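Me: I would like to go through this model with you and ask, for each label, what it rests on. Please set the values against the criteria as you answer.

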Amino acid sequence: MDTGDAFDPNCPTRLVLDRIGDKWSVLVLLSLAKGSMRFTELRDRVGGVTPKVLTQTLRAMEYDGLLTRKVYAEVPPRVEYTLTDLGHSLHQPVAAVAQWAESNIDRILSSREAADHTG
């Protein structure tokens, strides 16, 4: 199996980096790590995302094979989103980055504040 080269501007690896660098994709992935969720549950868990943007994010993640969308034949229809094996394989590195961000937010905000004052 060939591997990509993220430094090659023509390599599709960059598309993957765009997906996992998107905050909404990261938050959806982290939300689904413990199990399936419905759209409204995801919207509430992620917070601050519009329904349109969440829908676009979910479609893109499904297109990339990171999650599945299952529609149940009920009235009203029930739809659940679940991480695929590929999506689960991305959880650990994304969770590590999220943990790093949470652990270092004070230092980053202090640095920004200092930069704003030296401006």
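Me: What makes the pairing of the side chains of Arg78 and Glu80 a polar contact?

Reply: In this predicted model, the side chain of Arg78 comes to 2.9 Å from the side chain of Glu80, and since a polar contact requires N or O atoms within 3.5 Å, the pair meets the distance criterion and is therefore listed as such. Arg78 itself is found in strand S3, and, leaving out residues up to four places away in sequence, Arg78 touches Arg38, Lys70, Val71 and Tyr72.

Me: Why are S1 and S2 described as standing at the edges?

Reply: The open sheet has 3 strands in the order S1-S3-S2, with antiparallel pairing. Strand S1 (37–38) and S2 each have a single partner strand, so one side of each is left without a neighbour in the sheet.

Me: What makes up the largest nonpolar core, and which elements contribute to it?

Reply: This core has 19 residues, and those with the most contacts inside it are Val28, Leu32, Leu42, Leu58, Leu67 and Tyr81. Two or more residues each come from helix H2 (23–32), helix H3 (39–46), helix H4 (51–63), strand S3 (78–83) and helix H5 (85–118), with H2 giving the largest share, 5 residues. Apart from neighbours within four places in sequence, Leu42 is in contact with Val28, Ser31, Leu32, Met37, Leu54, Leu58 and Tyr81.

Me: Why is the chain called more spread out than a compact globule?

Reply: The chain, with 5 helices and 3 strands, follows the pattern α-α-β-α-α-β-β-α along the sequence. Its radius of gyration is 17 Å, whereas the globule rule gives 14 Å for 119 residues; the value is well over that figure, so the chain is more spread out than a compact globule. Along the principal axes, the C-alpha trace spans about 60 × 40 × 25 Å, and buried residues, those under 20% relative accessible area, make up 25% of the 119 residues.

How values were computed: Residues numbered from 1 in each chain as written. Predicted model: local features only at pLDDT ≥ 70, side-chain atom pairs only at ≥ 80, totals over all residues. Heavy atoms only, no water. Core = buried A, V, L, I, M, F, W, Y, C linked by side-chain atoms within 4.5 Å. Buried < 20%, exposed > 50% of the residue type's maximum accessible area, 1.4 Å probe, protein only. Helix = DSSP H or I, 4+ residues; strand = E, 2+ residues; numbered from the N terminus. Contact = heavy atoms within 4.5 Å. Polar contact = N/O pair within 3.5 Å; in protein donor to acceptor, adjacent residues only side chain to side chain. Pairing = 2+ DSSP bridges. Rg over C-alpha atoms; globule rule 2.2 N^0.38 Å.
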